[in-house]
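Dear colleague,

Please find below the structure that I am handing over to you.

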Amino acid sequence: MMYGVYDRDKEIREAVGAGERALSSLREAERQLNSAGNWGLVDIFGGNTISGLVKHMKVNNASRCVDDARRDLAVFRDELGDIRDIEGLNVDIDGFLTFADFFFDGFVADIFVQSKIRKGQQEVKEAIRRVEDILQALRRY
């Protein structure tokens, strides 16, 4: 059986690339959630059918962006796992972006939707912070 030679620099480059893609996806999710939140406020404070439709479209866009970010975070986690000799660099994607699992499980009220958007914004900000920290650590090696 033949095994390839471990190339630490290559593994770090691959992890950095995956981390940058995850960060880009997270930032887009953040932008979409901010937009959905703004439209949600319009809808709560005097909106109409049009603002309600726009809000739901924005929430739908945000949900798709969060799904993209989750996939990119999974790839990042896997790439980090390929680096053998650096400890403490891991992305627990199970803990990130949990709000997306039940984002569309029946909108009871606009205020409920706003609270989900706010939770999503907080989780995305935390994921961005964590990915930035890991990328910064990787770039030191």
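This is a predicted model: local features need pLDDT of at least 70, side-chain atom pairs count only at pLDDT 80 or more; totals for chains, interfaces and linings use all residues.

**Findings**

Residues are numbered from 1 along each chain as its sequence is written, and side-chain values use heavy atoms, with hydrogens and water left out.

The protein chain holds 3 helices and 0 strands, in the order α-α-α from the N terminus. Helices (H or I, at least four residues) and strands (E, at least two) are DSSP runs, numbered from the N terminus.

For α1, 37 residues at 1.5 Å a residue should span 54 Å, and the end C-alpha atoms are 53 Å apart, which agrees; the expected span is 1.5 Å times one less than the number of residues. At the start of α1, the backbone nitrogen of D9 has a side-chain oxygen of D7 within 3.3 Å. After α1 comes G46, with a positive phi near 100°.

Of the 141 residues in the protein chain, 43% are buried, that is, under 20% relative accessible area (1.4 Å probe, protein chains only). The largest nonpolar core has 25 residues, and L26, F76, L80, I83, V131, L135 and L138 have the most contacts inside it. Such a core is a set of buried Ala, Val, Leu, Ile, Met, Phe, Trp, Tyr and Cys residues joined through side-chain atoms within 4.5 Å. At least two residues of this core come from each of α1 (8-44), α2 and α3 (110-139), and α1 gives the largest share, 9 residues. In soluble globular proteins, nonpolar side chains tend to be buried together.

V59 lies in helix α2 (residues 49-81) and is buried, with a relative accessible area of 1%. Between V59 and Q114 there are 10.0 Å in space, C-alpha to C-alpha, although the two are 55 residues apart in sequence.

As to confidence, pLDDT (the predictor's confidence in each residue, from 0 to 100) averages 80 over the protein chain, and 81% of the residues score at least 70. Over residues 101-108 pLDDT stays under 50, and the model has 13 contacts beyond four places in sequence for this stretch.

With kind regards

Conventions. Buried means under 20% relative accessible area, exposed over 50%, partly exposed in between (1.4 Å probe, protein chains only). Contact means heavy atoms within 4.5 Å. A polar contact is a pair of N or O atoms within 3.5 Å; within protein, one must be able to donate a hydrogen and the other to accept it, and residues adjacent in sequence count only if both atoms are side-chain atoms.
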